[in-house]
Amino acid sequence: MASFVRYRKILLVIVPIVAVALVVLLTSSGSQERQQRPSGANPRSGEMRLPVRGIVITPRPLDNKILASGNILATEEVELYSEVSGKVTQILFKEGGHVQKGDLLVKINDSELRAQLQKAESKRKLLEEKESRQRRLREVNAISQEQYDEILNELNGVNAEVNLLNAQLEKLALRAPFSGIIGLRYISEGSYVSTSTLVARLQDISSVKIDFSIPEKYSGMVQKGNKIRFTLEGSSKQNEGTIYAIEPKVDPVTRTLKLRAIARNDREMILPGSFAKIELLLKRQDDAVLIPTYSVIPDMQGQKVYVVRNGLATLVAVETGIRTEEQIQIVKGLQTNDTLVTAGLLQLRPGAPVAVTLEK
């Protein structure tokens, strides 16, 4: 009995000490585990959650416009050449000056043709008088019809010769085919010109044409009458134009559709040949899905983005629309309230658990 009491006293001392030691050991082990567990780990699975930044997709209004580049053309433009060869006797225009349609610009030596014309006109006058007498004689049957026809035929031949000489003389006078500004001249008085000698260039720039192309996926969204805004290289001034012609065929090589617009150029400050940055204005869209351009991942099969679903990164294929400098429209693949990953894309893989910080 005394031995039992002694063992009981020993147990009463040892059990609390063991219990305290177990508590200390468990506490130390839990603290060490927490210190060794990486930041952002999933306490349930122990798997690391990658920190990323993202936004929640919400529809926003979009001024539907297409950005393109194009070239400025004159409304009318022509290189002037002489129709015949000869020596230049007169130059009647000033370089860089305005001319009107029909103005005489260059005259080529025509003295020989004018002499032939003078001879033919004298002959015609003589035959006209002879035809008049023969006609009166024929009216009273003093001559036969055959005799009258011979003189009439001769007169008609001379008339044709006079018309031919006048046409040849007209070719020796180079005239402006339309009103505009004439450029630099490449000939001098006294020089001999041929049909391949460039005389000058004439352009009508009271209005200008703008040629540009857009991707074929927008071909159904444009029509005649659509407005454009454009700026020129080295200038911030915005000019306005109107589309008036559309090529009825998509280029099979570039897969683009060619358009042509026209714009007023009253001060003649827009010069043909200039490079133009163009905004093609379409209908405004009130519920467009817009995302940052840097969140789109190019892929061999198209373009993709990462979205977060149930805490996991999911790679989604998308179709893009209008692109601006900072944003791009998504026409298919994303829905309202999707969480889009915008930063931390390089370390992601499909199915990876993520911890998202939403951008404001």
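In this predicted model, the largest nonpolar core holds 30 residues, and the members touching the most others are Phe93, Leu105, Val106, Ile182 and Val199. Two or more residues come from each of strand E4 (86–91), strand E6 (104–108), helix H2 (111–139), helix H3 (145–171) and strand E10 (198–215). Helix H3 makes the largest contribution to this core, with seven residues.

**Cores**

- Val199, one of the residues touching the most other core members, is a handy place to start looking around.
- Leaving out residues up to four places away in sequence, Val199 touches Leu80, Tyr81, Ser82, Phe93, Val106, Leu174, Leu184, Arg185, Tyr186 and Ile187.
- Two of these contacts, Phe93 and Val106, are themselves among the residues that touch the most other members of the largest core.
- There is also a second, separate core of 26 residues, and its members include Leu62, Val208, Tyr218 and Ala288.

**Cavity**

- How many cavities of 30 Å³ or more does a search of the whole structure find? The search finds one.
- The largest cavity has a volume of about 50 Å³.
- Its lining is made up of Ser82, Glu83, Val106, Ile108, Lys171, Leu172, Ala173, Leu174, Ile187, Val193 and Val199.
- Strand E6 and strand E7 (173–175) are the elements that each give two or more residues to this lining.
- By residue class, the lining has eight nonpolar, one polar and two charged residues.

**Open sheet**

- Four strands make an open sheet, running in the order E7-E6-E4-E9 with antiparallel pairing.
- Strand E7 and strand E9 (192–193) are the edge strands, each pairing on one side only.
- Between E4 and E9, the antiparallel pairing spans two bridges.

**Thr75**

- Thr75 sits in strand E3 (residues 65–81).
- Is Thr75 buried or exposed? Thr75 counts as buried because its relative accessibility is 15%, under the 20% cut-off.
- Apart from neighbours within four places in sequence, Thr75 is in contact with Asp204, Ser207, Val208 and Lys209.
- One of these contacts, Val208, is also a member of the second core.

Notes. Residues numbered from 1 in each chain as written. Predicted model: local features only at pLDDT ≥ 70, side-chain atom pairs only at ≥ 80, totals over all residues. Heavy atoms only, no water. Buried < 20%, exposed > 50% of the residue type's maximum accessible area, 1.4 Å probe, protein only. Contact = heavy atoms within 4.5 Å. Core = buried A, V, L, I, M, F, W, Y, C linked by side-chain atoms within 4.5 Å. 1 Å grid on protein atoms, 1.4 Å probe; cavity = no way out; pocket = protein on both sides within 12 Å on 5 of 7 lines; lining within 4 Å. Points joined across faces, edges and corners; volume = space filled by probe spheres on them. Nonpolar A, V, L, I, M, F, W, Y, C, P; charged D, E, K, R; others polar. Pairing = 2+ DSSP bridges.
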